[in-house]
Structures are given as structure tokens and as C-alpha cells.
Amino acid sequence: MERITVNASTDYEVMIGRGLLERAGDLISMAIAGKNKAEKPGEVVSAGNPNTGKTAVIVSDDNVFPLYGEKLKKSLQDAGFNTLEFVFPHGEKSKSLKTYGELLEFMCEKRVRRSDMIVALGGGVVGDLSGFAAATYQRGIDFIQVPTSLLAAVDSSVGGKTAVDLTNGKNQVGAFYQPRLVVCDTDTLSTLPKEEYACGCGEIIKYAILESDEFFEELLKTPVSDQYEKVISTCVTIKKHYVENDEFDTGLRMKLNLGHTFGHAVETCSGYTILHGQAVGMGIAAVTKAASEMGLCSKGTLTRILELLDKYELLREITYGIDEMYENIRVDKKNSGSITNLIVPVAIGNCKIMKIPTEKLKGWLEEGGVGPENA
Ligand SMILES: NC(=O)c1ccc[n+]([C@@H]2O[C@H](COP(=O)([O-])OP(=O)(O)OC[C@H]3O[C@@H](n4cnc5c(N)ncnc54)[C@H](O)[C@@H]3O)[C@@H](O)[C@H]2O)c1
Ligand SMILES: [Zn+2]
């Protein structure tokens, strides 16, 4: 098992390894130890198991809960927790104010207290929604992430960004709220659909381009699925660095947006039929092509990046029109104002934040080979 400590506004551990789901109850119990003392005068705390009387609300979706819900539940109960479960339909559509409201009402109806906790079992949708509910229910209760998708393992479960979507925009309501613990059982990744695996690989490739030529080479040599523990811990270590230096995303953390400026626009243009990680891959390819055309990175760097994207089935042309893409970039909340912070690969392991006047992005899209002629 790998253990990585994230020192953010609250410190927490990320545990990565096989078979951790069965041990999750004990691991969670240890992580929250010290917070089990009576919080209000007169509250009775059992002298025996410190978790007696403490409720874990397992939040999951209807794909993941049938696969792993019972195992997690048993592990929590064995550690002395009461459990409740809230399962919603899978998919981004559920990352809504409606599901969020239903979860809060459910917890209130079941008399969940401030000393209880939410355990998010699933991908980024489950994690983002549960985290926001944990941040706001009774002004904040303990929150544990149990990521089951590759994307959640390498990205969304770490760093404390929580959110739900509004009708006209992704992640428009949320909070920075760090988990108390992240338990990543790599065995759960065996049931992940192929296209979701590719999505996780899109974000993994992003980390390699940002930080490490050596990691990049490793991904070319050995498939991610043959080295989950190593790859996830490398990515979490990279993300930790960004989160610790810029928890609230006002500077350095922006670099994690590599491939996302064009990627988000691809997602919107496709009506979300192109998945996030795939769109990120397409965004990375386009921004690197443009950088190479403009002499900001070498042709060799471009070739290597395209080769790695291809290896993970992420090399697809952007076939939407430049005007349509540009409109979507313009309204993205991260690009508000007249300047866009574009993350540009200079070499593998070295990217820079370029402040580009937003209207100039049309030129970047053109240089990046975006357009319907690719269809
Ligand atoms: N908070 C952050 O920092 C952050 C970072 C990146 C992405 N995100 C968010 O994360 C979300 C995307 O995350 P995601 O790709 O995990 O999406 P997701 O949660 O929708 O999971 C993808 C699909 O895989 C299924 N699934 C998950 N684990 C499985 C398993 N082990 N076996 C079988 N099926 C499984 C899910 O049911 C779902 O259908 C987006 O909403 C995005 O905005 C957040
Ligand atoms: Zn992403």
C-alpha cells in the first residue's frame, strides 16, 4: 500500500492499494480518531468502541453500489459504525442541485448529526456531489473519499474541490472542502468500462506532460492497468504539490488545466457525448500542435505526445467549427474576462501558463488543426 499525506488546510492521507475496501472501516476509524470525543456538553460517548453511535452515510451511484456497496458497508459496520446508504442514478446529470437537495433531505430525515460522516463510494460525480453535501450539511461534517474510477483516483478525490452543476454550467456551485481520508482500492478498477479507463488515462498523461519526462516514458512502456498503484501514487504526489502550493486555485494550480481549455469546449460542443478525459486528450493534442506550429515546443515533443495519446486510444481530431469552439471557451468560467490563462507544453515535464487575449484563441484553434475538415 502507498500512503501519501496531503498538507492542505486540513491534513489527510491518501491510501492506495489492493484490497483496501475490506479494511476501509478500520482505516476510516483510525483517521477520524481523536474527533470521536463528545462535541457537545452532555453527549454520551461509549467507553467501548469509539465509533458506536456514529453513522456513516454511504453515497454512491447505481453502477458502483451493487458492485462494492455491501463490502464497504460490512467493513464500516465491523468497525462499529452505523450505516445508511444513498444511491442515485449514475452519470453527470445526477451532479445536480436536485440530487444534492435529495441527499441533504435524506440525511436530515434520518437525523444524521454533525458528528457523523459521509463516505463517497464512486467516481468523480459521486465524490464532487457528496463533498459539497458534506461541506454544507449542518455547516460541515466529516467526509471520506473512496474513489472507484481511475479519474477519481488520480484527480477528483484529492484536492478538495467539490461542486454540483447548474443547468447552464458545470461545477457552478461548490466549495473547497478537503476530505479526512482518501481510500483508493485499486481492485475496484477491474470493473471499470473501457472508455472510462481511457478517460482516467487522459488525466494521467496530463500529469506526465506537466511534470515528468521519466513518468511519460513509463506510460509508453507499461500500460497503466499493469501498474495502477504506482501510477496513481505518482499522480497524487503531483497533484498534492499543486494543492499544497495553491489550494484555492489562484495561481500554480491552474496548470492542472492543461488540455482543459479546449477540452471543456469539446465537451460542450458534443453535448457531453464526448467524455471529459477523452476531451482533455483532444485538448492536449490541439494545444500542443498549436505550440509546435508557433515554435513554442519542438516537433519531437509533439510527436511523442501524439504517440502516447494514441497508445491510450485518446487521439481524436476536434471536428467542431472554430467559431463554435471559441464561443464555448469564451463563456467558460475559468476564462472570464479578456485574458485566458492557457497552459502550453514547452517540453515534456515543462509547461507554462500563457496569458493570451481571449480573442487570439481563434488563432490557436486554427494552428491546433481544429475544424470540420477533420471529420
Ligand atoms: N473535484 C475535482 O477536482 C475534479 C477533478 C476532475 C473531475 N471532476 C469531476 O469528476 C466527474 C467525472 O468523474 P468520473 O469520470 O469518475 O465520472 P463518474 O463518476 O460519472 O464515473 C464514470 C462512470 O463509471 C462508473 N464507475 C465508476 N467506478 C466504477 C467501477 N469501479 N466499476 C464500474 N463502473 C464504475 C460510474 O458509475 C459512471 O457511470 C465530473 O463531474 C468532473 O467535473 C472533479
Ligand atoms: Zn479534468
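Here are legends for several close-up views of a predicted model.

Before you start, here is how to read the labels: residues are numbered from 1 along each chain as its sequence is written, while chains are lettered from A and ligands numbered from 1 in the order in which they are written. Because the model is predicted, local features need pLDDT of at least 70 and side-chain atom pairs count only at pLDDT 80 or more, while totals for chains, interfaces and linings use all residues.

**Figure 1. The whole chain.** The chain holds 13 helices and 11 strands; these are DSSP runs, with helices (H or I) of at least four residues and strands (E) of at least two, numbered from the N terminus. Its C-alpha trace spans about 70 × 40 × 35 Å along the principal axes. A compact globule of 375 residues would have a radius of gyration near 21 Å, and the chain has 21 Å, so the two agree. (That radius is taken over C-alpha atoms, and the globule rule is 2.2 Å times the number of residues to the power 0.38.) Of the 375 residues, 47% are buried. For burial, you count other C-beta atoms, placed from the backbone, within 10 Å of a residue's own: 20 or more is buried, 12 or fewer is exposed, and in between is partly exposed.

Figure 2. The assignment gives domain 1 (2–38 + 47–191) and domain 2 (194–374), with bounds from an automatic or database domain assignment. Their centres, taken over C-alpha atoms, are 28 Å apart. Here 24 residues of domain 1 are in contact with 22 residues of domain 2, where contact puts two C-beta atoms, placed from the backbone, within 7 Å. On the domain 1 side, H5 gives the largest share, 5 residues. By class, that side has 13 nonpolar, 8 polar and 3 charged residues. (Ala, Val, Leu, Ile, Met, Phe, Trp, Tyr, Cys and Pro count as nonpolar, Asp, Glu, Lys and Arg as charged, and the others, Gly among them, as polar.)

**Figure 3. Who sits around ligand 1?** The answer is 31 residues, and the closest are Asn-63, Gly-123, Gly-124, Ser-149 and Ser-156; to be near, a residue needs its C-beta atom, placed from the backbone, within 6 Å of the ligand. Elements that give two or more residues to this shell include helix H2 (64–78), helix H4 (124–136) and strand E8 (169–176). Sorted by class, you get 9 nonpolar, 14 polar and 8 charged residues. Domain 1 and domain 2 each supply at least three residues of the shell.

**Figure 4. Helix H9, tucked in.** Since 9 of the 10 residues of helix H9 (residues 260–269) are buried, the rest of the structure largely encloses it. Among those buried residues are His-260, Phe-262 and Glu-267. Their cover includes helix H10 (276–293), helix H12 (322–331) and strand E10 (339–347). Just after H9, look for Gly-271, with a positive phi of about 65°.

**Figure 5. Helix H10, end to end.** At 1.5 Å a residue, the 18 residues of H10 should span 26 Å, and the end C-alpha atoms are 26 Å apart, so that agrees; the expected span is 1.5 Å times one less than the number of residues. H10 is mostly covered, with 16 of its 18 residues buried. Just past H10, Gly-295 takes a positive phi of about 75°.

**Figure 6. Is Thr-303 buried or exposed?** Thr-303 is exposed, because 12 other C-beta atoms lie within 10 Å. You'll find Thr-303 in helix H11 (residues 299–311). Its C-alpha atom is 9.8 Å from that of Ser-292, which is 11 residues away along the chain.
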